[in-house]
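Good morning. I will go through one structure today, a few pieces at a time. Please have a look at it first.

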Amino acid sequence: MGIALLFMIQSALAVSCCNSASTTGPYGDAVATTACAEIYGTSEFDSYGAAIVFIYQNPIFEGAFLKYEVSVFGQPKTEPLISHAKELFESLKVPLGKTLFLVTLQNATGGTKATAFDTSGELVMPGGPASLCGVFWSSDRISIQVTVETMSGSAYTVNYSVIFSNFSAIGLEKTCKMLPELISPPSEIKGGYLVWRRDSLTLSKKIIVNVSNWNAVDADSGRSLGEWLFWLSPFDLSVNYTLILAGINLHVTAGITPNLSGFVGYVLYLNASNTASRDYVVGGADIKRARTLVAYSYPLAHMYEKVLRAGRVSEEFKSIMRRYGCSVVQHPNSTVEVFCEAFSRAASHIERWKAWKVVPVSMQIDPNLFRTFAAIKYSGLYLAMYPIDFYTFVYDRQTGLLLEASHDPSVESWWGHAILPSAYLSFGNYTLSFKVLNGLINAKLVETNIPLQTPSLGSPGRAEADPAYALLAASAALATAAAIARRWR
Amino acid sequence: MRGRAAAAFAVLTLLVPLILLARLHNPSPEERGLFFGQYLILSAGAPGGYVSGSFDQLLLMHVNDTLTFRMRGEGCRLESYNVTIAHLSTGERFSFEARRALAGYFPTFTAPREGVYVLEISVAAAAGGGGACTVVAEFSIAASDRGGYAKLFTLQAWVGAALTASAAVALYALGRRRRQRFAPSKLGSLEGLKGRLARLEWYFGFSGLWVVSFLVFLVYLSVFDRFKLSIPQREGLMPRVELAFLLLASSASSRVEPVVAALHALLLVSVLYCYSREEGYEHVRFLLGVTPARGYLAKLLTYLVLTSLPLVSAKAYLILSWDAALVFGNPLQFLATVGRVWVNATLFFLYLLAFYSLLSYLLPRTLYLLFAASIELYVYETALGGPLMLYPVYRQLVVDVAEATSVVAAFWPHFAAALAAGLASFYLHVRRGEVKWR
């Protein structure tokens, strides 16, 4: 009897882990919900059947603008580089602002490979011929302004500006000769360094957003710059799962196979069941978190895995995988397979709607391990989906506007690549890539002329006494009284 | 015996709020997250003209949860809409009407109280050049800060602690005054009605099966989502109150609930049908002079009461917690719903008993039965099926509270097999002969 009782309690505890949120992480909730909904055959979360083109009453209009404030939060991860930058700024008597970036000028064609940066103090950080120049870039205040200049049935023309206040920067003269042509002439040249000091520096680009596939194109060069991030496409707003190509990091080598171009693409996984953890206030409009959508970096590089002789798979591992929309199958011969169905399904649907697609790359890692990686094919590039930097993007569910883009504070980003403001800053054959040094980056919508205020119904209330508990307590008191009375007799 | 039961009951009043407090700190994804659904509101062919339609939807929300919704049209443009949200049991209503330019903006609703709400939308759209006009709405609810509930549950825990402590002290003090025990060996010497009652009392007190069932009630409460947000699919033409009770009953559920139910059933079968053969129940039955057939049925009834009572009580507890006004306003409908859940749960447990009791005859040792049946449960039973179709049958019968006859019809080969197994088990248990008790 005792064994039976113990057995039952242990079993109950084991199964309850599926239902608990003991495994932390930002991705899990909706993924787990989804996975379980799928497992239990509910249809609430599967709406791809409804993925048809809907005509939205589009909130975007000509002259609409969005203004974002960029700030830094959290602890710095690259202390040696910060120390070196501080020494350099002090030695050259250049004021150092609140935000410090390492900005690299990259060959935008992405045809060559970069290597990991060197922390020895040499300013030319990323090696290889593609990384022409590295600059310590500092500013007190950064804002991003997006203005819709024209719109037609097929495209938006958008002005994308990044404004750095109290801007200062230092770069090696011998490697950064082309930079003055792209941003502005330096204030001085001192000790072999180009030194910039400005009250304000504005980098502007004209972007054409293709309405049919949400691809952002440089209006000057016609080069594809990635997916448009500042408001969601009708497709993304109409489905429950989708993937967003949030950025391309030409700074990091990712050589899964020689067939890949060797760089990293950041993919966000958007589950419409996920909301932000807080409310937003933009221009006096209160956006409740129920009105928000959150897209997270997909934390895996692969979409399928098969491990021979894997032994026993723990329930914890299964639980974590479930949170990422993956199911774990353990065969009797101790082979273990991991299928990431939610990702695969989202990947198969975006092919029809977006300018990029997920290409499975299957590899035998070792005799016992077989994996199918998810590579990204976009504009002639094959990118690896290595999860090295983690982001959260919060959108308004009603208008689709980007409310906040941030590094994910709950997961450590390795490189600190700042999708904003790096995105869309392409000049001729070069791109500027921003890596934040003194923390993590956050861009928040602070002003817009797009109406966000919506009517509010109902009112806050308070939790009331629980009648079921009152009934239970009264019954317990009655039962106790009856038992006492009986014994007293 | 009655004192122990009263003490255990008093402990519930302490443990229930503690379990709910634990859920606040460790909520399930559904509690924290958002339910999201897409619903067709209007679909009509109207080349060049206006079309209109209406829609209503029940929602289960908790205090300060926020509902947002959005509508979009395919082949047409929204011209106006009217939305009303009403708390079903209290009748409190909130309305909003939008026309023309404002029809592109949708209100946000904050729930002032817990319970079932009715959302009604009527919409008018101007159709485009031709073809069909389709209007789809999306709903989402975000959970609020649960600080208010934490205070309430803490207060309840204090009340429970006081009640439990006073019950324990009183029962201990009184227990010292008069102590009476019935050992199985003494049961045979007791005569008449007193002896029968004593044996019956021993029977119900034996092995603390009822304590396990109390514990299982707590397990159910801990795995159920206290703050479940629900936007159900529509269920045909049914009175709204009935639909609301069904929404509440089906929301009081958990993904792991079938496993808990099956393990509880398995444990009871192992004790009632295996362990009893080794010693215990069969001896008492023999002393009472009851035939094996009636003994089998008595154990069956005990099993049904002990398995279904915690499950149905936990569901009823949550229904009462969520919308007491609805329960007190419609007590008969509440009883009808709980009764329906009970009937379905009983049918499910009977279904399980048929297989497990037959297995208990084939594997008469308690541990053998536990291992064999639990391995079957873990390895072969899945959400998509399995030899017993445990999850699908449970989901339809107990979670969705579907019509029992339709579930039996849908799984008729399994229920036919269960009937055969149940009859075989009854026959074998009854025919195996009397144990020669010393």
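How many of the six residues of strand E22 (residues 402-407) of chain A are buried? Before the answer, some ground rules. This is a predicted model, in which local features need pLDDT of at least 70, side-chain atom pairs count only at pLDDT 80 or more, and totals for chains, interfaces and linings use all residues. Residues are numbered from 1 along each chain as its sequence is written, while chains are lettered from A and ligands numbered from 1 in the order in which they are written.

Two terms come up throughout. Helices (H or I, at least four residues) and strands (E, at least two) are DSSP runs, numbered from the N terminus. A residue is buried if 20 or more other C-beta atoms lie within 10 Å of its own, exposed if 12 or fewer, and partly exposed in between, with the C-beta atoms placed from the backbone.

Now the answer. Five of the six residues of E22(A) are buried, so this strand is largely enclosed by the rest of the structure. What does E22(A) pair with? Strands pair if DSSP finds at least two bridges between them. Strand E21 (residues 391-396) of chain A is joined to E22(A) by five bridges, and the two run antiparallel. Strand E25 (residues 440-448) of chain A is joined to E22(A) by three bridges, again antiparallel. You can follow this through one residue: A:Glu404 has A:Val394 opposite it, and A:Glu404 also stands opposite A:Lys444 in E25(A). The hairpin of E21(A) and E22(A) has five residues between the strands, and there A:Gly400 takes a positive phi near 85°.

That brings me to backbone angles. Most residues other than glycine have a negative phi, and most peptide bonds are trans. Chain A has an exception in A:Lys93, which is not a glycine and has a positive phi of about 55°. A:Lys93 sits in the loop between helix H3 (79-91) and strand E2 (99-107) of chain A. Is A:Lys93 buried or exposed? A:Lys93 is exposed, because 9 other C-beta atoms lie within 10 Å. As for peptide bonds, the one from A:Leu420 to A:Pro421 is cis, with omega near 15°. A:Pro421 belongs to helix H8 (residues 419-422) of chain A.

On to chain B, which has 16 helices and eight strands. Of its 438 residues, 49% are buried. Here, too, a residue other than glycine has a positive phi: B:Met389, with a value near 50°. B:Met389 is in the loop between helix H13 (366-380) and H14 of chain B. B:Met389 counts as buried because it has 20 other C-beta atoms within 10 Å.

Helix H14 (residues 390-399) of chain B is mostly covered, with 10 of its 10 residues buried. Just after H14(B), B:Val401 takes a positive phi of about 50°.

What does H14(B) pack against? H12(B) and H14(B) pack at an angle of about 155°, with their axes 8 Å apart. Axes here are lines fitted to C-alpha atoms, for helices over the stretch in contact, and angles run from 0 to 180 degrees between N-to-C directions. The two helices are therefore roughly antiparallel (under 35 degrees is roughly parallel, over 145 roughly antiparallel, 65 to 115 roughly perpendicular, and the rest oblique). The contact (C-beta atoms, placed from the backbone, within 7 Å) includes B:Asn344 and B:Phe348 of H12(B) and B:Tyr394 and B:Leu397 of H14(B).

B:Phe348 turns up again in the largest nonpolar core. A nonpolar core is a set of buried Ala, Val, Leu, Ile, Met, Phe, Trp, Tyr and Cys residues joined through C-beta atoms within 7 Å. This core has 140 residues, of which B:Tyr220, B:Leu248, B:Ala265 and B:Phe348 touch the most other members. Helix H12 (residues 331-362) of chain B gives the most to this core, with 15 residues. Apart from this core lies another, of 125 residues, among them A:Ile144 and A:Phe235.

B:Tyr50 is partly exposed, because it has 13 other C-beta atoms within 10 Å. Beyond its neighbours within four places in sequence, B:Tyr50 is in contact with B:Glu79, B:Ala124 and B:Ala126.

Notes:
Contact = placed C-beta atoms within 7 Å.
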